[in-house]
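Have the viewer open while you read.

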Amino acid sequence: MAELLPPGRADLMRSNIPGATIELSTGPAEIAVAFSRVLRGAGLRVPTSCTHTFADALCAVGLDDRDAAYWSGRSTLIRRPEDIALYDRAFAVFFEHRRSNVIDEEPEDPATITIAIDSDDDEGADDGPDAAEGDDDETIELRFSTTEILRNKDFADYSPEELVLAQEMMSSLRLVGSPRRSLRLGPAKRATSRPDIRRTVRASIKAGGEPIERHFKAPTERLRRLVLVLDVSGSMEPYARALLRFVHAAVAGRQKVEAFALGTRLTRITRELNSRDPDVALHDAGQRVHDWSGGTKLGVGLRQFNDEWGVRGLARNSIVVVLSDGWDRGDPDELATQMQRLQRVTHRLVWVNPLKVTPGYAPLARGMAAALPYVDDFVEGHSIHAMQELAHVISR
């Protein structure tokens, strides 16, 4: 079991809810997850989506107002009227430390609530000497996994250890686009399909040459190629290290995936990311890309992609995903022209912008404004949850 705050973090704050004795971290996500775990332990059914909504509500109303925090949880976590009484008791114990049925006239010492994070290697963590001593004190211990927090955490705030864990979570994503018809024919069961003379003749040998069993063939389906173009400029540096792991998971996880790095020049990194070992793949890609954290020339890079790979066949009937914040030092008219060329040959053109989640965001950057009219899907790209939504968009 690891402590909630890593060593060296002293940015704790104490909730101002009257009677509260819980020490919280600077974000509401941990307390939302912890309280949801308490409700589940009490027998209530609290889906993960409700926990995310509760965390968003706490972000909006804060923890200073007891009534606002109460109604935020009740409106997002409770679905049945018969669960309200149990929710009230859990809220009182969790946020106010009151006993549900006993009213003591004498003031009591506040209980200690420890919020801890479970790691994958914490089996038997309760068998230590601290667990035996905890029985003598009035202590409530809340445990939860880091994966639920990382799923919605911004990539820019990831530590190196969290990036490793995120790599494992991204490897489970299934990036499969909609199939397309192939020119190759395969066996079919429908009589309306094209007759398969060869298979029919072979089957008739068993019946003395009589074509009793007829066979048919029809065009088969095959996966669409997925092309990922990652912006590795200086403005994308907080997100590029995590998104590169996403690109590696896509290349190593399925066939027909092409990867490119785009900064002041365009670099093909598919071969470097083919390794199943993330450390080897990322090291080789880093050695291959020479303009990491430099400038951005999206128009020039996409023109090179269209001339050498895209329009000549790599992007035709494929799903092309551009991962960039849209900041460009080049000519926006050239970027618009190249995006229009690319859209004409692709099956779907997706733009992933990590800044889209920012409150009040508007595509005002010259590059983003020039490219947006030719984009089929404009999605977020700041977290693992956003990458899961991207996988859903690709599969449509």
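This is a predicted model: local features need pLDDT of at least 70, side-chain atom pairs count only at pLDDT 80 or more; totals for chains, interfaces and linings use all residues.

Of the 396 residues in the chain, 45% are buried. Take the contacts between residues at least 6 apart in sequence: 73% of them join residues at least 24 apart.

Now for the helix packing. Two packed helices are described by the angle between their axes and the distance between the axes.

| Helix pair | Residues | Angle | Axis distance | Handedness |
|---|---|---|---|---|
| H2 and H3 | 48-61 and 66-77 | about 155° | 9 Å | right-handed |
| H11 and H12 | 298-314 and 332-345 | roughly 25° | within 8 Å | left-handed |

With the angle between H2 and H3 at about 155°, these helices are therefore roughly antiparallel to each other. On the H2 side, the contact is made by Cys50, Thr51, Thr53, Phe54, Ala57, Leu58 and Val61, while H3 brings Ala68, Ala69, Ser72, Gly73, Thr76 and Leu77. Sorted by class, that's eight nonpolar, five polar and no charged residues.

H11 and H12 cross at roughly 25°, so H11 is roughly parallel to H12. Here Leu298, Gly299, Val300, Leu302, Arg303, Phe305, Asn306, Asp307 and Val311 of H11 meet Glu334, Leu335, Gln338, Met339, Arg341 and Leu342 of H12. The class count for the contact of H11 with H12 is eight nonpolar, three polar and four charged residues.

Definitions and conventions. Residues are numbered from 1 along each chain as its sequence is written. Side-chain values use heavy atoms; hydrogens and water are left out. Buried means under 20% relative accessible area, exposed over 50%, partly exposed in between (1.4 Å probe, protein chains only). Contact means heavy atoms within 4.5 Å. Axes are lines fitted to C-alpha atoms, for helices over the stretch in contact, and angles run from 0 to 180 degrees between N-to-C directions. Helices (H or I, at least four residues) and strands (E, at least two) are DSSP runs, numbered from the N terminus. Angles under 35 degrees count as roughly parallel, over 145 as roughly antiparallel, 65 to 115 as roughly perpendicular and the rest as oblique. A crossing is left-handed if the near helix is turned anticlockwise from the far one by less than a right angle, and right-handed if clockwise. Ala, Val, Leu, Ile, Met, Phe, Trp, Tyr, Cys and Pro count as nonpolar, Asp, Glu, Lys and Arg as charged, and the others, Gly among them, as polar.
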